[in-house]
Amino acid sequence: ALGGFGVFLLMLAENVFPPIPSEVILPLAGYTAAQGRGSLLVIVVAGTLGSAAGAVLWYYVGRWIGIDRLKRFASRHGRWLTLTPGEVDHVDRWFDRYGHWAVLFGRTVPGVRTLISVPAGVSGMPLGPFLLSTLAGSAIWTVILV
């Protein structure tokens, strides 16, 4: 009933609270638009932007955590998570090298879509490349489902 704005809000919510499935939201919105009650282009743009907006929130959560805080947590509690500060450093170096690809492809994988934003923020990936990779990956996912 809210059209593109409703799709934007639902995709934002889907990225902030992962149990809301984009696999239900986007095909239904695409079907509704194909029936003449909306625009496919508006649905794709709204879905992509809503998804990216939610990803930015998690990116900033990762930035707030930061690599140093994560390493301190790993040194204190890592044995329960089987995570050491050295492994955090290893993943950080890997993310520095392949982060833009990880974000791009991660945005197209259910379950990883939301979570990939956190290590991007933790590793300090610059916001510009993060947004480009997020928008591209989110657009691919949205077009496939719509």
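Predicted model: local features only at pLDDT ≥ 70, side-chain atom pairs only at ≥ 80, totals over all residues.
**Exercise 1.** Determine how helices α1 and α2 are oriented to each other, and identify the residues of α1 and α2 that make the contact.

*Solution.* Step 1: helix α1 comprises residues 3-16 and helix α2 comprises residues 22-37. Their axes lie 10 Å apart, and the packing angle is about 165°.

Step 1: angles over 145 degrees count as roughly antiparallel. The helices α1 and α2 are therefore roughly antiparallel to each other.

Step 2: the crossing in which α1 passes α2 is left-handed. On the α1 side, Val-7, Leu-10, Met-11 and Glu-14 make the contact, while α2 contributes Ser-22, Ile-25, Leu-26 and Ala-29.

Step 3: sorted by class, the contact of α1 with α2 consists of 6 nonpolar residues, 1 polar and 1 charged.

**Exercise 2.** Locate Thr-134 in its helix, decide whether Thr-134 is buried or exposed, and list the residues that Thr-134 touches, leaving aside those up to four places away in sequence.

*Solution.* Step 1: Thr-134 lies in helix α6, which spans residues 127-145.

Step 1: buried means under 20% relative accessible area. Thr-134 has a relative accessibility of 0% and therefore counts as buried.

Step 2: with residues up to four places away in sequence not counted, Thr-134 touches Ala-52, Ala-55, Val-103 and Arg-107.

Conventions: Residues numbered from 1 in each chain as written. Heavy atoms only, no water. Axes fitted to C-alpha atoms, helices over the stretch in contact; angles between N-to-C directions. Helix = DSSP H or I, 4+ residues; strand = E, 2+ residues; numbered from the N terminus. Parallel < 35°, antiparallel > 145°, perpendicular 65-115°, else oblique. Left-handed = near helix turned anticlockwise from the far one by under 90°. Contact = heavy atoms within 4.5 Å. Nonpolar A, V, L, I, M, F, W, Y, C, P; charged D, E, K, R; others polar. Buried < 20%, exposed > 50% of the residue type's maximum accessible area, 1.4 Å probe, protein only.
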